[in-house]
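Here's a quick briefing to read alongside the structure. Keep the 3D view open and look up each spot as you go.

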Amino acid sequence: MSLTSNTNNLATESKQDQPTSIRIPDRVDLRASPRSRQGSPTQSPRFGPSRFLNGEKSGASFLGAELLGKLWGNRKKQSKKVKRRGAKLWYQKKRVKGVVAVVALVGLFFLVDWFMLLRLQDHRVGPRDGSSRNSSSVSVQPQVKVKKLSKGKKHYSGIYGRLLALAAHALAEGQNKREPKDLWQEPVVPASAWRPCADQRNWEPDEGKNGYIMVTANGGINQQRVAVCNAVVVARLLNATLVVPKFMYSSVWKDASQFSDIYQEEHFIKDLAPDIRIVKELPEELKSLDLEAIGSVVTDIDVMKESKPSFYLKNILPILLQKRVIHFVGFGNRLAFDPIPFPLQRLRCRCNFHALKFVPKIQETAALLLERLHKHSAQPGLLDHYLVGPHAVSAIIERNDRATKPSRYMALHLRFEIDMVAHSLCEFGGGEEERRELEAFRQIHFPALTELEKTGKLPSPAMLRSEGLCPLTPEEAVLMLAALGFNRKTQIYVAGAQIYGGKSRLAALSSLYPNLVTKEDLLSPTELEPFMNFSSQLAALDFIVCTAADAFAMTDSGSQLSSLVSGYRIYYGGGRMPTIRPNKRRLADIFVKNNTIEWKVFEQRVRKAVRQTKHVQSRPKGRSVYRYPRCKECMCRAD
């Protein structure tokens, strides 16, 4: 039974799809390479108006309005609140002028006193970076210097030098104290009420008789994973045959890996066979077609972010029926999460949590990482079977005569690579040199963002930071972990590619938590060699280690890796896989007081800010099923 007939009523919905996200378009810069006519393109998708929107806002113009609306909307609301608050205060002052005068005099006295103490404190901690544009912004030093003093003591310089010193003291004093119970636990009872059930289906396979859908997904491995599952759903919606997706070469990731280099192709085809028809390549009669010349190429400029099913039925299906083939180029997050028919949403979950299995090469190396992180324990991790398959069993057999008690580890996804730093439009204390470097990077990899910068209407770096729109720096991440109560002996696995600023940016993290490791530390050069120059395959190793961790901490809740990892832990974790999701806006309000706040107060505020994000909730409407799988389409609840 085809779902196309069941969703025809969706075609009557409004023409313009209202996106729920306002992120900048995925990176689309490409490097030329010889490929077939139906292969991955050798240049960026075009910029310009969509051929489907008929005068509505196209990708670039819509992006500008959407971004500005998001960033400035809160400011307008705050402005109105400030005006109302100001009027109220003026009225009160008019009635109690005498009291206000006394309070003002006392306040002035304390202000002068505080200022003098602050100056003395600044001289004790060390010089501050003078490159900041605005004294109210929280600029971060490009590197934190850790100097060893006598008797093992260390001196931390930089904007967070004082807090880092307090954190080091607190960790040293608390080595024999018990960690807070909720660090390694989820709210077990409500979380364990949900169980996986996306593998259940109640429909007949589609014949794919309406034509063929090709997809060339852009971005890194995590963006590509989302694109693949969205393509599966679109193929079912249009009763089309899906050609195994291709991955676009990106000048950011510089990885030529294709689908079969990362995922088990045969398992993907077989697991989804009851849902859609999947083939490895186009039939011979279609291979010779120039798809762009006949109008079968559809770019991410043509399809708005999170488009509804009605868009595909109205605009894509007629082309598919006429041309027999559609090629989506740069196909990223182009399918809405709501409204979606129940079986299609479940298919989306089935693809992500069941159909995409990593190839044995990745599974085997990931199993080595898990074994070494667990200190050669004879007990497998809770998710090892789902992530590394039979290689988890092999590792247990090989180490059955070793330690029986597993060693816990926490995985930290430190999202502070240059693409993230440049994309954020924030400042991190590097002065004019940093600004020039990041601007040059944006011009190459994020041209749409560069065009928006030229308008001069984007918020300042200080405003972005106060709104929680800047990635946490390594120094902020380690302060968060210390405030939460993680013991100094905690084993921490740091996931991520090249950290902006190099190893010097990890100085504070490794100083406070010496048991810090990366995949490069745990694997020998020989074991790493097959993955060199393949960033997506290296990212797959990080995905597995983060997902299997006893605790997982993210520094950017908007990161695709963090979203997919946390969703996978929810789906298979049974309420026993805690995830730390910081509220960056609240943390920014705490970090701005870094020169005056006492450590105990800092601890209390950070713990409260993080604890509020750990509650168990069902998927909010319009949000990602990959990140929030607790919904009736993906999981079943035992009431």
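Predicted model: local features only at pLDDT ≥ 70, side-chain atom pairs only at ≥ 80, totals over all residues.

Residues are numbered from 1 along each chain as its sequence is written, and side-chain values use heavy atoms, with hydrogens and water left out.

- Most residues other than glycine have a negative phi, and most peptide bonds are trans.
- Glu306 isn't a glycine, yet it has a positive phi of about 55°.
- You'll find Glu306 in the loop between strand E8 (297–299) and helix H9 (309–323); helices (H or I, at least four residues) and strands (E, at least two) are DSSP runs, numbered from the N terminus.
- Asn533 is another residue other than glycine with a positive phi, this one near 70°.
- Is Asn533 buried or exposed? With a relative accessible area of 68%, Asn533 is exposed.
- The loop that holds Asn533 runs between helix H21 (525–528) and helix H22 (535–548).
- Asp338 and Pro339 are joined by a cis peptide bond, with omega at about -5°.
- Look for Pro339 in the loop between strand E9 (325–329) and helix H10 (342–355).

**Helix H22**

- H22 has 14 residues and spans 20 Å from its first C-alpha to its last.
- That's close to the 20 Å expected at 1.5 Å a residue, where the expected span is 1.5 Å times one less than the number of residues.
- Because 12 of its 14 residues are buried, H22 is largely enclosed by the rest of the structure.
- Among those buried residues are Leu538, Asp542, Phe543 and Cys546.

- E10 runs parallel to strand E11 (residues 492–495), and 4 bridges join them; two strands pair if DSSP finds at least two bridges between them.
- Within E11, Val494 is the bridge partner of Leu412.
- Strand E13 (residues 551–554) is also joined to E10 by 4 bridges, and these two run parallel.
- Within E13, the bridge partner of His413 is Met554.

**Lys584**

- Lys584 sits in helix H24 (residues 584–591).
- Lys584 counts as buried because its relative accessibility is 11%.
- Which backbone oxygen does the side chain of Lys584 reach? The side chain gets to the backbone oxygen of Cys470, at 3.5 Å.
- Leaving out residues up to four places away in sequence, Lys584 touches Gly468, Leu469, Cys470, Pro471, Leu472, Thr555 and Asp556; a contact means heavy atoms within 4.5 Å.

**The whole chain**

- The protein chain has 25 helices and 15 strands.
- Of its 639 residues, 54% are buried.
- Take the contacts between residues at least 6 apart in sequence: 81% of them join residues at least 24 apart.
- The chain exposes about 29700 Å², and carbon and sulfur atoms supply 54% of that; the Shrake-Rupley method with a 1.4 Å probe gives these areas.

Technical notes:
Buried < 20%, exposed > 50% of the residue type's maximum accessible area, 1.4 Å probe, protein only. Polar contact = N/O pair within 3.5 Å; in protein donor to acceptor, adjacent residues only side chain to side chain.
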